[in-house]
Amino acid sequence: LTGLDIYKLLPQTNCKECGFPTCLAFAMKLAAKQAELKSCPHVSDTAKAKLEAAAAPSIRLVTVAGEGGRLEAGNETVLFRHEKTFYHRPGLFVRVKASAGAEAIEAAARALEAYLVDYVGIKLGVDGIAVEADAPGVDFGAAVAAARRASRKPLILMADQPDVLAQGAQAAAGVQPLLYAAAEANWQAMAEIAKAAKCPLAVKAPSLEKLAELTAALKQAGVEDLVLDPLAREPGPALQAFTQLRRLAVKKGFRALGYPLIAFPGEAASVDAVVMAAQAIAKYAGFIVIDGFDPAAVYPLLVLRQNIYTDPQKPIQVQPGLYEINNPGPDAPLMVTTNFSITYFAVNNEVEGSGWPGWLVVTDAEGMSVLTAWAAGKFDADRIAKAVNGCAIAGKLNHKRLILPGQVAVLSGELEEALPGWQIMVGPKEAVDLPGFLKLVWGQKTL
Ligand code: SF4
C-alpha cells in the first residue's frame, strides 16, 4: 500500500500519540517500513486487519523443525538476486523409502547426519530427510522412528494415504515435519492431520489453477502453512511453473499461490537430477528432495546454494587476526593478507599444502581481496601495520621480516616506514606461487 492508501485507513485525528505530528506523516513512515502499526493506539480493527494483510509477506514463511535444528522457507520478495538478497535458502532433503527397512533407513540417516563439508570456512551439509511410504502395507511409523533415531535433522513425511501419513505424523511427535501432500482427492483428511500435528502441509496439483483452488480451500479449513508442488518433474515445465508461481506471488501479490515451492529433481547420481536441482536452487524452490545421497552430487549443489543465497554486497569474510599454519615456530615466515575468505583460504591452503610452517596476519579489509581492498583504500600500510602490531607477533618471532602480497608491492616503502625495524619482502602475486617463493626466496634468506 502507498502512504496515501494507508492514510485513508488511519483515524485522521492527528493526535500525535504515535510520535509523529500527523496521521499522514505516520502513514508515510509505515509505507516506508520505518514505523510499526502498533504505535497507533486508535486504529480500528477493520483497518488493522486490512493493513496487516497488506503487510504480510508475498510468500509465506514456512518452518520445519527437527530436534537438531530448524529450516525456514519462503518470505522472499524479489524475482532476481540483483534486486535484493535471497534470504531463505532452499532446504536440501534426501529421500529414503520406508520399504528399505529400519536398518537401511538408520544407516542412510546416520550418513546424512555425519556429512559436513568445509567451504571457505563455512560448514555445509544437507538439511533433512524425506521419509516416503513408498509401498502399500509398509510400517511408516517405524520408518519415521528409524530416521529419528539416527538423525536430529528436520523431516519431510511423504504418503499418499491420509491414514498412513497420520502414522508418520504420530511417530514424529515433538518435532515439526513437512507433511506431503494434500491433493484434490484427499485434502480434507490431510488438512485434519496437519492441524492436529501443527505441521506445515504440502499441496500438489497438476495446474496452477488447481493449486490455487486447493490452497484457498485448505486455508479456509484452517491450514495456514502450505508448500506448493506443481508436479512438474522435467526441467522445462518445472522452470516455467516455478517462475510463474514466484512471479504471481511477488509481482501480482496473488496470495493463493504465495507459498514456498517443493522440487523433486530425481536420482542424486544422475546428471539430469543434479542439473534439475541446481535449477531449483536458482529458481525458486524452498525445499528440494533428491533421491539417494551422493556426496559428489550434493557438494556442488551446496556450494551453488551458498553462493546464490549470500548477500552479494557482503563478501564472505574470516575473522581478522593472527593465524598459525603447520605449527609455526619463531623462525617461521610471516605473511599478510586480507580477510576475504577466498583470499585467506587460497593463501592458507597453499602454505599448508607445501608443508612450510607459517604465520599469517589477516588484516581487516572489509572482506575484500588484496587488489580490490588496496584500490578501495582498505588495505594500506597503516592498516597492515596496525594488524601486525595488534596481534603482537613480534614477540613470537626471532626475525622481523614480513612477506607482502606481490599485488601490492607498491606499499613496501610505506610499510617499512609504518613498521620501523621490519624488513618488508615482496612476495608473489598469486597464492599458488607461495610454496616456490618460500622455498627459493625465504629459504635463501634464512640460510
Ligand atoms: Fe494519527 Fe494514530 Fe498517530 Fe494519532 S496515533 S496521529 S491517530 S496515526
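Reply: Buried means under 20% relative accessible area, exposed over 50%, and partly exposed in between (1.4 Å probe, protein chains only). This is a predicted model, where local features need pLDDT of at least 70, side-chain atom pairs count only at pLDDT 80 or more, and totals for chains, interfaces and linings use all residues. Residues are numbered from 1 along each chain as its sequence is written, and side-chain values use heavy atoms, with hydrogens and water left out.

Me: Is C23 buried or exposed?

Reply: The relative accessibility of C23 is 10%. Because of that value, C23 counts as buried.

Me: How do the residues of the shell around the ligand divide by class?

Reply: The ligand is surrounded by residues including C15, C18, C23 and C40 (a heavy atom within 4 Å). Ala, Val, Leu, Ile, Met, Phe, Trp, Tyr, Cys and Pro count as nonpolar, Asp, Glu, Lys and Arg as charged, and the others, Gly among them, as polar. The shell has 7 nonpolar, 2 polar and 2 charged residues.

Me: How many disulfides are there?

Reply: A disulfide is a pair of cysteine sulfur atoms within 2.5 Å. By this rule the number of disulfides is 0.

Me: Is C391 buried or exposed?

Reply: C391 has 16% relative accessibility. Because of this value, C391 counts as buried.
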